[in-house]
Structure formats: C-alpha cells, structure tokens
Amino acid sequence: LIGIYASKTGLYSYPLLILPHASLLGICDHPSDVELAQTLFRDLLFQKICNLKLGGDVPNRNSIRRFHKRLVNADL
C-alpha cells in the first residue's frame, strides 16, 4: 500500500492503516465517500476501528476519494 499511499506533493498524510480501514467500512456499509467521511467524523465506533484519536483529524471525502481512485488504478 505504501506505493499508492505516499503523497508526492508533500501534503499531510494520515497514518497508513486509517484509509484502508475506512475503505473496508465503506464496503460493508455501502455509503458514498461523503457519507463515509461524515460517519467517520461522528461515529465513535468507526473512529475506533480506524484507529483515529478522539478529537483528532478525520479523513475528509476528498482524501477518501483519492485513496479509492489510487486503489482502482492499481487494480486493488
């Protein structure tokens, strides 16, 4: 995952397993990227599963969408 995850623009990155865990939750619950981002922000269980710290940064819909596109482009 590091090959598709590393940011080449120098932007802040989330710890490696947060976005894959969020993607798996999205597969199970079938929300859109927007709904998944909103659920990650408000649902403590989703935050716990994704190893997010209480009151910390939560991936937004653009981060989730970019990660999904990279997975698709890498045929993962």
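This is a predicted model: local features need pLDDT of at least 70, side-chain atom pairs count only at pLDDT 80 or more; totals for chains, interfaces and linings use all residues.
Me: Which residues does glutamine 47 touch?
Reply: Leaving aside residues up to four places away in sequence, glutamine 47 touches Leu40, Phe41, Arg42, Leu52 and Leu54.

Me: Where is glutamine 47 found?
Reply: Glutamine 47 is in helix α4. Helices (H or I, at least four residues) and strands (E, at least two) are DSSP runs, numbered from the N terminus.

Me: Is glutamine 47 buried or exposed?
Reply: Glutamine 47 counts as buried because its relative accessibility is 8%. Buried means under 20% relative accessible area, exposed over 50%, and partly exposed in between (1.4 Å probe, protein chains only).

Me: What lies 2.9 Å from a polar atom of its side chain?
Reply: The backbone oxygen of phenylalanine 41 lies at that distance from the glutamine 47 side chain, 2.9 Å.

Me: On to α3. Which of its residues are buried?
Reply: Helix α3 covers residues 33-42, and Asp33, Leu36, Ala37, Thr39 and Leu40 are buried there. Viewed down the axis of α3, these buried residues fall within an arc of 165°, so they line one face of the helix. The arc is that of the directions from the helix axis to the C-beta atoms.

Me: Why do residues three or four places apart point the same way?
Reply: An α-helix has 3.6 residues a turn, so residues with that spacing point the same way.

Me: What do the buried residues of α3 pack against?
Reply: They pack against α2 (18-29), α4 (44-49) and α5 (61-73). The face turned away from the buried side of α3 carries the exposed residues Phe41 and Arg42.

Me: Change of topic: what is the phi of asparagine 51?
Reply: Asparagine 51 has a positive phi of about 60°, although it is not a glycine. Asparagine 51 sits in the loop between α4 and α5 and is exposed, with a relative accessible area of 52%.

Me: And how many helices and strands does the protein chain have?
Reply: The protein chain has 5 helices and 0 strands. Of its 76 residues, 34% are buried.

Terms used
Residues are numbered from 1 along each chain as its sequence is written. Side-chain values use heavy atoms; hydrogens and water are left out. Contact means heavy atoms within 4.5 Å. A polar contact is a pair of N or O atoms within 3.5 Å; within protein, one must be able to donate a hydrogen and the other to accept it, and residues adjacent in sequence count only if both atoms are side-chain atoms.
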